[in-house]
Amino acid sequence: MDCLFCSIVSGDVPSKKVYEDDQVYAFYDIDPQAPVHFLVIPKEHIPSAGAVTEESSAVVAHCFEVIAKITAQMGITDFRVVSNCGDQAGQSVHHLHFHVLAGRDMTWPPG
Ligand code: 5GP
Ligand code: ZN
């Protein structure tokens with residue numbers, strides 16, 4: 001399967017690693033939208049938040065455990081987690097990922 005984030009997980013496409021374990025990989029976004037902007041992804045290919053199932057939801061929970069661990073290690077208490085699902089929402093890579101953004105004031109609603 002031709003998937004950019006699967007290629008990042010396998011190491012075929014280089015990335016700046018933030019965290020890795022057997023289930024999850026985290027790396028800095030190539031086009032940061034905040035002073036801190038990294039992505040947390042399941043190593044398993046799940047196309048989007050809309051494709052999470054009873055069988056795959058445990059890794060999603062683990063992603064959030066990892067987000068809490070990484071931000072705490074970075075000393076970040078205020079941050080935003082975003083997952084775009086589908087073209088209209090702005091999803092450009094069709095492998096589930098959670099953006100973690102921090103280090104500046106955030107507006108609401110998002111654009
Ligand atoms: P989406 O638009 O699907 O919500 O988020 C995809 C994110 O992946 C974007 O923020 C984009 O900058 C990032 N991205 C796209 N290609 C690469 C890449 O090759 N390396 C890294 N580190 N990030 C990428
Ligand atoms: Zn993938």
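Residues are numbered from 1 along each chain as its sequence is written, and chains are lettered from A and ligands numbered from 1 in the order in which they are written. In this predicted model, local features need pLDDT of at least 70, side-chain atom pairs count only at pLDDT 80 or more, and totals for chains, interfaces and linings use all residues; side-chain values use heavy atoms, with hydrogens and water left out.

View 1. Ala, Val, Leu, Ile, Met, Phe, Trp, Tyr, Cys and Pro count as nonpolar, Asp, Glu, Lys and Arg as charged, and the others, Gly among them, as polar. Helices (H or I, at least four residues) and strands (E, at least two) are DSSP runs, numbered from the N terminus.

**View 2. Backbone contacts to ligand 1.** Polar contacts here are pairs of N or O atoms within 3.5 Å. A backbone N or O atom of Y28 lies 2.9 Å from a nitrogen atom of ligand 1. For I30, a backbone N or O atom is 3.2 Å from a nitrogen atom of the ligand. G90 places a backbone N or O atom 3.0 Å from a ligand oxygen atom. The protein covers 83% of the 510 Å² of accessible area that ligand 1 has on its own (Shrake-Rupley method, 1.4 Å probe).

**View 3. The largest pocket.** A pocket is an open set of points on a 1 Å grid over the protein atoms alone, where a 1.4 Å probe fits, with protein on both sides within 12 Å along at least five of seven lines; lining residues have an atom within 4 Å of a point. The space is about 690 Å³, the volume filled by probe spheres set on the points. Of 32 lining residues, D29, Q33, H37, L39 and H99 lie nearest the centre. The lining has 16 nonpolar, 11 polar and 5 charged residues.

View 4. P109 is found in the segment after strand 5 (98-102).

Technical notes. Polar contact = N/O pair within 3.5 Å; in protein donor to acceptor, adjacent residues only side chain to side chain.
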